[in-house]
Amino acid sequence: MSHIPDNLRYTTEHEWVTDEDPVTIGITAVAAEALGDIVFLELPAVGTAVIAGGVCGEIESTKSVSELYSPVNGTVVEVNEGAMTDPAVVNSDPYGAGWLIKVSATSFGELMGPDEYRAHAAS
C-alpha cells in the first residue's frame with residue numbers, strides 16, 4: 001500500500017489535510033497512483049470560499065478526470081502554482097511539493113485519522 005503519513009487527516013475521497021492554520025490540502029498517494037500520470041489541475045482562485053465535502057477543483061490524468069473535494073469550510077489563501085505548471089509533481093511528491101491549496105479554515109468536515117484511512121484505502 002502507498003505511504004500514508006501519520007500527521008495528516010483524510011477524507012473518504014482521498015484528500016489529505018493538515019491541522020495548522022492555514023490548512024494545506026492535497027490528494028493522497030493512493031489517489032495519485034490510482035489516477036496515473038496527472039496532466040492538468042483546475043484549482044480554485046485565492047479568495048474562493050470552499051465548503052467541506054463540496055467540489056473545489058478538478059484533477060485530470062491520462063486515465064480520467066476527477067473532482068477534488070474540500071475537507072474544510074473556509075477561504076482559499078494560496079494555490080500551488082508550481083503544481084499547476086507541472087502537475088506531475090502531484091504524482092512524485094503528493095504530500096510535499098504536490099500540495100494543492102491552502103485554506104483559512106473555519107471548520108473541518110468529516111475526516112479520518114491515518115489508521116482509519118489505511119483501512120478505507122485497503123477496502
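How many nonpolar, polar and charged residues are in the lining of the largest cavity? By class there are six nonpolar, no polar and one charged; here Ala, Val, Leu, Ile, Met, Phe, Trp, Tyr, Cys and Pro count as nonpolar, Asp, Glu, Lys and Arg as charged, and the others, Gly among them, as polar.

Keep in mind that this is a predicted model, where local features need pLDDT of at least 70, side-chain atom pairs count only at pLDDT 80 or more, and totals for chains, interfaces and linings use all residues. Residues are numbered from 1 along each chain as its sequence is written, and side-chain values use heavy atoms, with hydrogens and water left out.

Now to the core. A nonpolar core is a set of buried (under 20% relative accessible area, 1.4 Å probe, protein chains only) Ala, Val, Leu, Ile, Met, Phe, Trp, Tyr and Cys residues joined through side-chain atoms within 4.5 Å. The largest one has 24 residues, with Ile 27 and Ile 101 among those with the most contacts inside it. A second, separate core has eight residues, including Tyr 10 and Trp 16.

| Core | Residues | Some members |
|---|---|---|
| Largest | 24 residues | Ile 27, Leu 41, Ile 59 |

Ile 27 is in contact (heavy atoms within 4.5 Å) with Trp 16, Ile 59 and Val 90, among others, leaving aside neighbours within four places in sequence. Thr 28 is buried too, at a relative accessible area of 0%.

Methods:
Buried means under 20% relative accessible area, exposed over 50%, partly exposed in between (1.4 Å probe, protein chains only).
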